Amino acid sequence: MILSMENISKIYNGKTVLDNVSLTIEDNDRIGLVGINGCGKSTLLKIITGREEYETQPEPNVPHLAITRGSTVGFLEQNSGLDRSSKVMDEMMSVFSDLLSVQEELRRLEEEMSRPEVHENEEHFKEISAEYDRKTAFFEANEGYLISVKIKTVLNGMGFPPETYDRVISTLSGGEKTRLAMAKLLLENPRLLILDEPTNHLDFDTIMWLEDYLAGYKGALLIVSHDRYFLDKLCTSICEIERTRLRRWKGNYTKFTELKAADTDRRMKEYEAQQAEIAKLQDFVDRNIVRATTSAMAKSRVKKLEAMEILEKPVTYEKKAKIRFEYDYEPPLDVLTVKNIDITAGDKLLAENISFAVRRGDKIGIVGPNGIGKSTLLKIIQKKIRSPRGVVEWNKNVKISYFDQENSQLDFNKAVIDEIHDRRRGMTDEQVRSLLGLVKFTGENVFKQVGVISGGERAKLCFAIMMLERGNVLILDEPTNHLDIDAKEVLEEALAKFEGTVILVSHDRYLLSRICDRIFEITPGQLHEFNGGFEEYLDDKRARKLAEQEALTEQKQQKAKEEAEKKNAAAYRSKEQRAKDAKRRNRIKELEKLIGELEAKMAAVQEEMTSPEAAADYVLMNEKCAEYENLKQQSAELSDEWLLLCEEDEE
């Protein structure tokens, strides 16, 4: 066990934020912490990390919080633990300062043992040798020889290539500093790693790398995130803070939503049944308590009421918005043809010679890094801006409804109700209010100016306009940017039920995974079309990346072999040295065989993971994922040993 807390409460200005919260964190726990904004998630993290004090309480609710001796807790905060005057690589090396000191001491001892006069004093030489052996054992046990490999792996994964290693931290952007702080925290490898919105400021590739890295993390994870896909990939239990209480659910985020919905429905039925029974008993008591003939029966029911354990009404929030996209006529089978267009930003060419076709019912997700031209592509296909060349052809009977992430279709000086009236003059106030009510605009809120409502409310107003337009092709640019989780789920449900064509740009992987059956990835210079869902696209992307890494590793191995052979041929070797070299070469061959066998097993497990049986069996899929990660870890360890042996050959 790493952490145990019981009866932890917190009160701010007379308001209870946390009420007798209890939580246990074991080794290798993967916990997602969720709840509406302001529910107390950040407060709980601050209490765990000692940044906030909890309330003292008398028996029987005496609070208790204990972290197992020797357990380290790492907490990601923006710019935390960074020396602004330090260079990127120096800051990462500082994590291993103790090991580096040991390494310096080993170099000193080696120099001392090489001095002839030391060998003349046998007792002194034995002492130095013993000290050298102890420090070497400590250095090896703590993977001191892998410091450089670890740092470069994490920095590269977090988006810091070698050319950034000498940059001074004070020159980095805010997002870069946050990523660097996370890199440092990962290298510190605390037994309990706490991450608060870790996917902020990260692009697709970095998030995918972080997911893979954390999947193999040897400590426990406690993650606060609005990224539902991230929680799904990593978490095996979800802790929800709701109305000051914490409750833990088994499974990832999707499983949590299913279990909670079923539990709330069950408890509501039990509550309603009890309320009906209470009303029935009370009615009998009211009518019969004063009658001599029935007074005894009424009193027995009073006792029953008094003995009854009253159930609390389950927490239910206000009714969600209702979004439903419909259209009046079907478009033809072939909806859109795009031939040889270019995407440009001013004079800069972002991607060229793009061609694709869209058919009726397609649900296409467009992905790629920021600034690559995704939004521009949406505007080009709608002919809002022109491509320098190429053709965009829409078929007949196509009606487009467009969601612009900048809300440019709205007049910020108008009232909300007028945005609808001005688009459909024949609608009565009652009809307009009814439409706006579907997206939670009620009462006097309909008279607010568009410019003063929140980003989420503006997004919902745009959805109301899209419902009014009844387009058979929906084009959406980052529709979930300003939505809370409830609103996202409503939009996802509406898009999933929509029978027309959807083309959307989004960084919301949960939305992409649920909605899209085709993925367009824009990379510098080109567009890659993938005819499959988002999960299949990610699997394909990982496979391509793995193949590239394997090819690069093979090149490095071949080069290392050639250089080692040259050095071996030119250098003089003593009989003892030749024996050591032979042993090293045999181990290298053995490692190459073992690595090859592990890669074959990994490929077989990957194939099993893509089978229909695994896709339909959550437990089997988890087992296969765990098996794959174990094989991957074994392969990485053997590869590290192989590289070390090859480097020794070069010396």
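Reader: Are Phe325 and Phe498 buried or exposed?
Author: This is a predicted model, in which local features need pLDDT of at least 70, side-chain atom pairs count only at pLDDT 80 or more, and totals for chains, interfaces and linings use all residues. Residues are numbered from 1 along each chain as its sequence is written, and side-chain values use heavy atoms, with hydrogens and water left out. Buried means under 20% relative accessible area, exposed over 50% and partly exposed in between, with a 1.4 Å probe and protein chains only. By this criterion, both Phe325 and Phe498 are buried.

Reader: How many aromatic pairs are found, and of what kind is the pair of Phe325 and Phe498?
Author: Rings of Phe, Tyr and Trp (its six-membered ring) pair if their centres lie within 6.5 Å; planes under 30 degrees apart count as stacked, over 60 as edge-to-face and the rest as tilted. The search of the whole structure gives 13 aromatic pairs. For Phe325 and Phe498 the centres are 6.4 Å apart and the planes stand at 85°, so the pair is edge-to-face.

Reader: How many residues apart in sequence are the parts that this pair ties together?
Author: Helices (H or I, at least four residues) and strands (E, at least two) are DSSP runs, numbered from the N terminus. Phe325 belongs to the loop between α11 (295-307) and β10 (334-345), and Phe498 to the loop between α16 (485-497) and β16 (501-505). The pair therefore ties together parts whose separation in sequence is 173 residues.

Reader: Which residues is Glu211 in contact with, leaving aside its neighbours within four places in sequence?
Author: Glu211 is placed in helix α8 (residues 204-215). It counts as buried because its relative accessibility is 3%. With contact meaning heavy atoms within 4.5 Å, and neighbours within four places in sequence left aside, the partners of Glu211 are Tyr229, Phe230, Lys233, Leu234, Arg509 and Arg542.

Reader: Why are the buried residues of α14 on the same side, and which helices are included in what covers them?
Author: In helix α14 (residues 429-438), the residues Val432, Leu435 and Leu436 are buried. They cover an arc of only 95° around the axis, which puts them on the same side of α14; the arc is that of the directions from the helix axis to the C-beta atoms. What covers the buried residues of α14 includes α13 (416-421) and α15 (455-469).

Reader: Which strands stand at the edges of the open sheet of 6 strands?
Author: Two strands pair if DSSP finds at least two bridges between them. The open sheet has the order β5-β6-β7-β3-β8-β9, with mixed pairing. Each edge strand has a single partner strand, so one side of each is left without a neighbour in the sheet. The edge strands are β5 (73-75) and β9 (245-250).

Reader: What angle does the direction of α7 make with that of β6?
Author: Strands β5 and β6 (residues 192-196) run parallel and are joined by 3 bridges, and Val73 has Leu192 as its bridge partner in β6. Helix α7 (residues 174-188) packs on the sheet and touches β5 and β6. Axes are lines fitted to C-alpha atoms, for helices over the stretch in contact, and angles run from 0 to 180 degrees between N-to-C directions. The direction of α7 makes with that of β6 an angle of about 165°.
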